[in-house]
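Me: I am new to this structure and would like to learn how to read its features one at a time. Could you take me through them slowly?

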Amino acid sequence: VQLQASGGGLVQAGGSLRLSCAASGHTFSIYAMGWFRQAPGKQREFVAAINLSGGSTYYADSVKGRFTISRDNAKNTAYLQMNSLKPEDTAVYYCAAGLPFGRSEKGYQYWGQGTLVTVSS
């Protein structure tokens, strides 16, 4: 499956962005979807994940209550709605698809190219 992430950009602290991850080449609905991010000089970290049906989600503690992951299997697209953004959310955001559903990078076999989110203070 090929993944294309989009929606990144420059936003002021307190603002919102919605990232999209469009999938092609395979049956989207058979994979869990995840979002990860990598800030400059840091390791890539888990942000959020959603299971095949969209009925279960996981969030990193740092984004819980501010970010919402969702998916539309009819459109082969996953989303990450990011509200109340903080400068520390600045990173390249990657979407990923795989099994099983979880927080570990090792569970995701397919990765998008990343989209840059910059939050100014």
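**Reading the features step by step**

Reply: Ile-30, Leu-52 and Leu-99 make up a nonpolar patch on the surface, and together they have about 210 Å² of accessible area. Please keep in mind throughout that this is a predicted model.

Me: Where is Leu-99 found, and is Leu-99 buried, partly exposed or exposed?

Reply: Leu-99 is found in the loop between strand 9 and strand 10, and with a relative accessibility of 40% Leu-99 counts as partly exposed, because that class lies between the 20% limit for buried and the 50% limit for exposed.

Me: How many residues of strand 9 are buried?

Reply: Strand 9 is mostly covered, since 7 of its 8 residues are buried.

Me: Which strands pair with strand 9, and in what sense?

Reply: As a general idea, in a regular strand the side chains alternate between the two faces of the sheet. In this structure, strand 4 and strand 9 run antiparallel and are joined by 7 bridges, and within that pairing Tyr-93 of strand 9 is the bridge partner of Arg-37. Strand 9 also pairs with strand 11 (residues 115-120) in the antiparallel sense over 3 bridges, where Val-117 in strand 11 is the bridge partner of Ala-91. Strand 9 pairs with strand 10 as well, again in the antiparallel sense and over 2 bridges, and here the bridge partner of Ala-96 is Trp-111 in strand 10.

Me: How should I read a salt bridge, and how many salt bridges are counted?

Reply: The general idea is that side chains of opposite charge can pair when their charged atoms come close. The count in this model comes to 5 salt bridges. One of them is formed by the side chains of Arg-37 and Asp-89, at 2.9 Å from N to O. This pair links distant parts of the chain, with Arg-37 in strand 4 and Asp-89 in the loop between strand 8 (77-82) and strand 9 (91-98), 52 residues apart.

Me: Are Arg-37 and Asp-89 buried or exposed?

Reply: Arg-37 has a relative accessible area of 5% and is therefore buried, while Asp-89, at 0% relative accessibility, counts as buried too.

Me: Which residue forms a salt bridge with Arg-44?

Reply: Arg-44 forms a salt bridge with Glu-105, and the closest N and O atoms are 3.1 Å apart. This pair, too, links distant parts of the chain, for Arg-44 lies in the loop between strand 4 and strand 5 and Glu-105 in the loop between strand 9 and strand 10, 61 residues apart. Arg-44 is partly exposed, with a relative accessible area of 28%, and Glu-105 is partly exposed at 29%. Elsewhere, the side chains of Asp-61 and Lys-64 meet in a salt bridge of 3.2 Å, N to O, and Asp-61 is exposed, with a relative accessible area of 67%.

Me: What does the charged end of Arg-44 sit over?

Reply: The charged end of Arg-44 sits over the ring of Trp-111, 4.0 Å from the ring centre. A second case of this kind is Arg-71, whose charged end sits over the ring of Phe-28, 4.5 Å from its centre.

Me: How many aromatic pairs are counted, and what is the geometry of Phe-36 and Phe-46?

Reply: The count comes to 6 aromatic pairs. The ring centres of Phe-36 and Phe-46 are 5.7 Å apart and the planes stand at 75°, so this pair is edge-to-face. Because Phe-36 lies in strand 4 (residues 32-38) and Phe-46 in strand 5 (residues 45-50), the pair ties together parts that are 10 residues apart in sequence. Both Phe-36 and Phe-46 are buried.

Me: How does the pair of Phe-36 and Trp-111 look?

Reply: Phe-36 and Trp-111 form a tilted aromatic pair, 5.0 Å centre to centre and with 50° between the planes. Since Phe-36 lies in strand 4 and Trp-111 in strand 10 (residues 110-111), this pair ties together parts that are 75 residues apart in sequence. Phe-36 counts as buried at 1% relative accessibility, whereas Trp-111 counts as partly exposed at 27%. Finally, Phe-36, Phe-46, Tyr-108 and Trp-111 form one aromatic cluster.

Methods: Residues are numbered from 1 along each chain as its sequence is written. This is a predicted model: local features need pLDDT of at least 70, side-chain atom pairs count only at pLDDT 80 or more; totals for chains, interfaces and linings use all residues. Side-chain values use heavy atoms; hydrogens and water are left out. Rings of Phe, Tyr and Trp (its six-membered ring) pair if their centres lie within 6.5 Å; planes under 30 degrees apart count as stacked, over 60 as edge-to-face and the rest as tilted. Helices (H or I, at least four residues) and strands (E, at least two) are DSSP runs, numbered from the N terminus. Buried means under 20% relative accessible area, exposed over 50%, partly exposed in between (1.4 Å probe, protein chains only). A charge sits over a ring if NZ of Lys or CZ of Arg is within 6 Å of the ring centre and within 35 degrees of the ring normal. A salt bridge is a side-chain nitrogen of Lys or Arg within 4 Å of a carboxyl oxygen of Asp or Glu. Patches are made of residues with over 30% relative accessible area and no salt bridge: like charges are joined within 9 Å, nonpolar side chains (Val, Leu, Ile, Met, Phe, Trp, Tyr) within 5 Å. Accessible areas come from the Shrake-Rupley method with a 1.4 Å probe; for residues, only the protein chains shown count as cover. Two strands pair if DSSP finds at least two bridges between them.
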